[in-house]
Amino acid sequence: MRLASLSDSPAAFGSRYADWVDAPVERWRSRLSQVPLNLVAREGTQVVGVVSGQLVDPDWVELISMWVAPAARGTGAAGQLIDRVVVWAADQDRSTCLMVRSDNTRARRAYERAGFVDVGVPAGWPADEPQERRMQRRDAERHG
């Protein structure tokens, strides 16, 4: 699924398909062990989406590596994956944040539907890099 996501949506990720296609098994295992939450969405026996959650600091979990297969877009799979990361973060008394490309309108709308608020492009964002926006979702019951 990671290779499919990097191939289908290369601009959406910091990693590139070429960086992973021939990666040794140790690199794949390292990615899974260094990122504490890795989830897949299934439709029947087929995997149709992935998402990960990374601990950023004592207050935040970052939702990373989100992707849903083109055939499963619009089915609610994205919302379910997002919700699982948010619940995992809340269970640890943390809020959830993410970075999304400014031009990725479909993803930004999915995150907004899931309760995320766009807080803008971080200060000091490199002028020669495509803009990414930080979005945040605070668990109201835990963080006020």
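Which residues line the largest cavity? In this predicted model, select V86, A90, R94, S95, T96, R137, R138 and D139, which together line that cavity. A search of the whole structure finds 1 cavity of 30 Å³ or more, and about 30 Å³ of space lies in the largest cavity. Colour α4 (77–91) and β4 (95–101) next, as each of these elements supplies at least two residues of the cavity lining. If you then colour the lining by class, you will find 2 nonpolar, 2 polar and 4 charged residues.

Move on to the largest pocket, which has a volume of about 910 Å³. Two or more lining residues come from each of β3 (60–68), α4, β4 and α5 (105–113), and β3 gives the most, with 7 residues. By class, the lining of this largest pocket has 18 nonpolar, 9 polar and 8 charged residues.

The last stop is the second largest pocket, with a volume of about 230 Å³. Select R2, R31, L32, N38 and V50, which are the closest to the centre of this pocket among the 14 residues that line it. To see the surrounding elements, show α1 (2–8), α3 (25–34), β1 (37–43) and β2 (46–57), each of which gives two or more residues to the lining of the second largest pocket. Coloured by class, that lining has 8 nonpolar, 4 polar and 2 charged residues.

Key
Residues numbered from 1 in each chain as written. Predicted model: local features only at pLDDT ≥ 70, side-chain atom pairs only at ≥ 80, totals over all residues. Heavy atoms only, no water. 1 Å grid on protein atoms, 1.4 Å probe; cavity = no way out; pocket = protein on both sides within 12 Å on 5 of 7 lines; lining within 4 Å. Points joined across faces, edges and corners; volume = space filled by probe spheres on them. Helix = DSSP H or I, 4+ residues; strand = E, 2+ residues; numbered from the N terminus. Nonpolar A, V, L, I, M, F, W, Y, C, P; charged D, E, K, R; others polar.
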